[in-house]
Amino acid sequence: MSILSMTAVQLGRSIKAGEISVAEAVKASLDQIRALDPALNCFVTVDEEGALRRALEVQEKIRDGSLTGPLAGVPVAIKDNMCTEGLLTTCSSKILGNFVPTYTAEAVKNLEKAGAVILGKTNMDEFAMGSTTETSAYGETRNPWNPEHVPGGSSGGSCAAVAAGECFYALGSDTGGSIRQPSSFCGVTGLKPTYGTVSRYGLIAYGSSLDQIGPVAKDVTDCAAVLEAVSSYDKKDSTSMRRTDCDFTAALEDDVRGMRIGIPRDYFGTGLNPEVGAAVLQAARVLEEKGAVVEEFDLSLVEYAIPAYYVIASAEASSNLSRFDGVKYGYRAKDYDGLHSMYKKTRSEGFGPEVKRRIMLGSFVLSSGYYDAYYLKALRTKALIKEAFNKAFEKYDVILGPAAPAPAPRLGESLKDPLQMYLGDIYTVSVNLAGLPAMTVPCGFTESGLPIGLQLIGDCFQEKKIIRAGYAWECSREGFKLPAMAAEAAEQEVR
């Protein structure tokens, strides 16, 4: 087995056994980045020197017994909206094109404590606003399964990098599906934990009540191991939760006997691609054959999730992004006349069209005369959606459905119609509104060879149930495989 075809946990095991050195693993990843990233554009920043230096440090700690965890020595990529001390962090925006943080995000620190080696920062939709990774100021990322298609977003760089073998796992952030949807498009596994499980300290905010950091990896085992490493209570984050049940790898059982799985009828109506629907239902049948109780039910309120989400997320974005004004850090316009002129020109030149669109929408729904009509109504709808999920979880352990209504669209298609792009989040945004955990697991391919993802949703703090269901499904199929272009590049390096 070549190094790049290994999962993160498999590689960690080989490093611990002395079969592969940390430096060898890092060099294999860097070689793959050099070979493929000119075509895929997964990374904004690659820290080759820092990664090789860190590899030697970690190797020594593994040798002396200081590092014993399953991820020690395994190369990782970090989405470019998480602060990393001394390493450029841009949110894929011109306005933060020169921002080098003086501190590191708590989730990234937790990975470093576990012995991770950071390769660099991955491309994303600007400030995580988008579903295709085409709104980046550094150019679009392409899907490794077919470079004419998008990888999804906003964590498209992280998901494409894992799929292409440029890293063994990655961190992404999920505000309305930004881990799960690109994981579906790229044929990898992505997990959005319960809100508050992973510290948001050091994550540059988009929608503070919705954002959550989570893992992107090659399989469910890797996701469970990474989530175990990054989960922790953090007093620096006022929304952080104290949890004593973060031994997520304990849920890796191929046993779903008696598990109750609900399939929302609302998810299988007009707009769902037939190939996607068939693949998801086939996965449900496999789980049923393994002993799960599977039945359909009415979730309700699905059609209200998109408008409620975009009102709330845009309102929070308009507040969070007001700090980027050219005064303290980041880009500043060159020619201006006075303070207010500097604000206007800096923000006009520094932000891209999608970010401006959402700031304007957010400012509108928070303005006097419209606050009650839009923002408060969206908050009430959010509460009703949470109630609908609470009612469903009284009966079911897991809710199963698609991660996206269709496979990855071609580059440029979504940007022509922003409203259509927003509607592509129909199966994911309600999870963030309710603060629930959810995971995408690959469940097949279209006739044209594009991946399809299955979404598993759990009740609050019930990650173990979705991990158990995802692992049981995964045990019924072949393991992770690199896309053709990535496998070919890896094979050439071996030669």
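Guide: Two strands pair if DSSP finds at least two bridges between them; strands themselves are DSSP runs of E with at least two residues, helices are runs of H or I with at least four, and both are numbered from the N terminus. The model is a predicted one, in which local features need pLDDT of at least 70 and side-chain atom pairs count only at pLDDT 80 or more, while totals for chains, interfaces and linings use all residues. Residues are numbered from 1 along each chain as its sequence is written, and side-chain values use heavy atoms, with hydrogens and water left out.

Strand β4 is largely enclosed by the rest of the structure, because 6 of its 6 residues are buried (under 20% relative accessible area with a 1.4 Å probe and protein chains only; exposed is over 50%, and partly exposed lies in between). Y169, L171 and S173 point one way from β4. A170, G172 and D174 point the other way, and the residues on either side are all buried.

The partners of β4 come next. Strands β2 and β4 run parallel and are joined by 3 bridges. In this pairing V76 stands opposite Y169 of β4. Strands β4 and β6 run antiparallel, with 6 bridges joining them. Y169 has A217 of β6 as its bridge partner, and G214 in β6 stands opposite G172.

Strand β6 is mostly covered as well, with 6 of its 6 residues buried. It also pairs with β5, in the antiparallel sense over 2 bridges. There G190 has V216 of β6 as its bridge partner.

These strands belong to an open sheet of 11 strands, and the pairing in it is mixed. The order is β1-β3-β2-β4-β6-β5-β10-β11-β9-β7-β8. Its edge strands, β1 (43-46) and β8 (293-297), each pair on one side only. From one strand to the next, the twist averages 30°. Helix α5 (residues 156-163) packs on the sheet and touches β4 (169-174), along with β1, β2 (75-79), β3 (117-122) and β6 (212-217). Contact here is heavy atoms within 4.5 Å. The direction of α5 makes about 155° with that of β4; such angles run from 0 to 180 degrees between N-to-C directions of lines fitted to C-alpha atoms, for helices over the stretch in contact. Helix α15 (residues 463-474) also packs on the sheet, touching β5 (189-192), β9, β10 (438-445) and β11 (451-458). The direction of α15 makes about 15° with that of β10.

Further along the order, β7 (residues 260-264) and β9 (residues 398-402) pair in the parallel sense over 2 bridges. G262 has I399 in β9 as its bridge partner.

Most residues other than glycine have a negative phi, and most peptide bonds are trans. In the loop between β2 and α4 (106-113) lies C91, whose phi is positive, near 55°. C91 counts as buried because its relative accessible area is 0%. The loop between β3 and α5 holds F127, with a positive phi near 50°. F127 is buried too, at a relative accessible area of 1%. That loop between β3 and α5 also contains S154, and a cis peptide bond with omega of about 5° joins G153 to S154.

Another loop, between α13 (418-423) and α14 (429-434), contains Y427. With 4% relative accessibility, Y427 is buried. Apart from neighbours within four places in sequence, Y427 touches Y267, L272, P402, A403, A404, P405 and Q455. The C-alpha atom of Y427 is 9.2 Å from that of I306, although the two residues are 121 apart along the chain.

The cysteines come last. With a disulfide taken as a pair of cysteine sulfur atoms within 2.5 Å, the count is 0. For C42, the nearest cysteine sulfur is that of C186, 7.9 Å away. For C186, the nearest is that of C159, at 5.5 Å. C186 is buried, with a relative accessible area of 0%, and C42 is buried at 0% relative accessibility.
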